[in-house]
Amino acid sequence: MVEIAFYQLRRTPLEKALPKLLEKVLESGRRAVVLAASEERAEALNAALWTYDQGSFLPHGMARDGQPERQPIFLATDDTNPNGAEIAVMVDGVAPADPERFERCLDMFDGTDPAALEAARARWRAHKERGDTVTYWEQTQAGAWEQRA
């Protein structure tokens, strides 16, 4: 069993919410792999991580950068864990084939898109049926996260 935390984006786009969650991962002393559906999406997230806050720096890389084992945050488009991450951050409905190789998986989805919302609900049900621990996190008015289920 693994813990799957669902993060429903309603007020903040992924490019703004993802860096804040990744900061928390690094503060906890863990590494993260971000699983994206395409190279284009990974590139957009890469750019967002470089520019989201002038006063912050999130050390991260992609396959083209080499030496993934040196990257605390790694952006991937395949089902790998090249940096030995404990946390998988899943976007665009992408999920690892074996989530149990991670301590925790964060499933971030667009809660304003009906298709993405329905797909997230199906993933929730599948994880519950497997016996995984699932939690649901909702954005507050201020953009912070509150656990709801």
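## Pockets, cores and ring pairs

The largest pocket holds about 370 Å³ of space. The structure is a predicted model. Seventeen residues line this pocket, and those closest to its centre are Ala17, Lys20, Leu21, Lys24 and Trp145. Helix α1 gives the most to the lining, with six residues, and both α1 and β6 supply at least two residues each.

The second largest pocket has about 230 Å³ of space. Its lining is made of 18 residues, with Leu9, Arg41, Met108, Phe109 and Asp110 closest to the centre. Here α1, β6 and α3 (114-130) each supply at least two residues.

In soluble globular proteins, nonpolar side chains tend to be buried together. In this model the largest nonpolar core has 26 residues, and Leu18, Leu22, Val34, Val89 and Met108 have the most contacts inside it. At least two residues of this core come from each of β1, α1 (14-27), β2 (32-35), α2 (39-51), β4 (73-76), β5 (87-91) and β6. The largest share, six residues, is supplied by α1. Leaving out residues up to four places away in sequence, Met108 touches Tyr7, Leu9, Leu14, Ala17, Leu18, Leu21, Val89, Met90, Val91 and Asp92. Another core lies apart from the largest one; it has 17 residues, including Val2, Ile4, Met90 and Ala120.

How many aromatic pairs does a search of the whole structure find? There are five. One of them joins Phe6 and Phe109, with 6.5 Å centre to centre and 70° between the planes, and is edge-to-face. Because Phe6 lies in strand β1 (residues 3-9) and Phe109 in strand β6 (residues 104-110), the pair ties together parts that are 103 residues apart in sequence. Phe6 and Phe109 are both buried. The ring centres of Trp50 and Phe57 are 5.7 Å apart and their planes are at 40°, so this pair is tilted. Trp50 has 48% relative accessibility and counts as partly exposed, while Phe57, at 54% relative accessibility, counts as exposed. Ring pairs also link Phe6, Phe109 and Trp124 into a cluster.

How values were computed. Residues are numbered from 1 along each chain as its sequence is written. This is a predicted model: local features need pLDDT of at least 70, side-chain atom pairs count only at pLDDT 80 or more; totals for chains, interfaces and linings use all residues. Side-chain values use heavy atoms; hydrogens and water are left out. Rings of Phe, Tyr and Trp (its six-membered ring) pair if their centres lie within 6.5 Å; planes under 30 degrees apart count as stacked, over 60 as edge-to-face and the rest as tilted. Helices (H or I, at least four residues) and strands (E, at least two) are DSSP runs, numbered from the N terminus. Buried means under 20% relative accessible area, exposed over 50%, partly exposed in between (1.4 Å probe, protein chains only). A nonpolar core is a set of buried Ala, Val, Leu, Ile, Met, Phe, Trp, Tyr and Cys residues joined through side-chain atoms within 4.5 Å. Contact means heavy atoms within 4.5 Å. On a 1 Å grid over the protein atoms alone, a cavity is a set of points where a 1.4 Å probe fits but cannot get out, and a pocket is an open set with protein on both sides within 12 Å along at least five of seven lines; lining residues have an atom within 4 Å of a point. Grid points are joined across faces, edges and corners, and a volume is the space filled by probe spheres set on the points.
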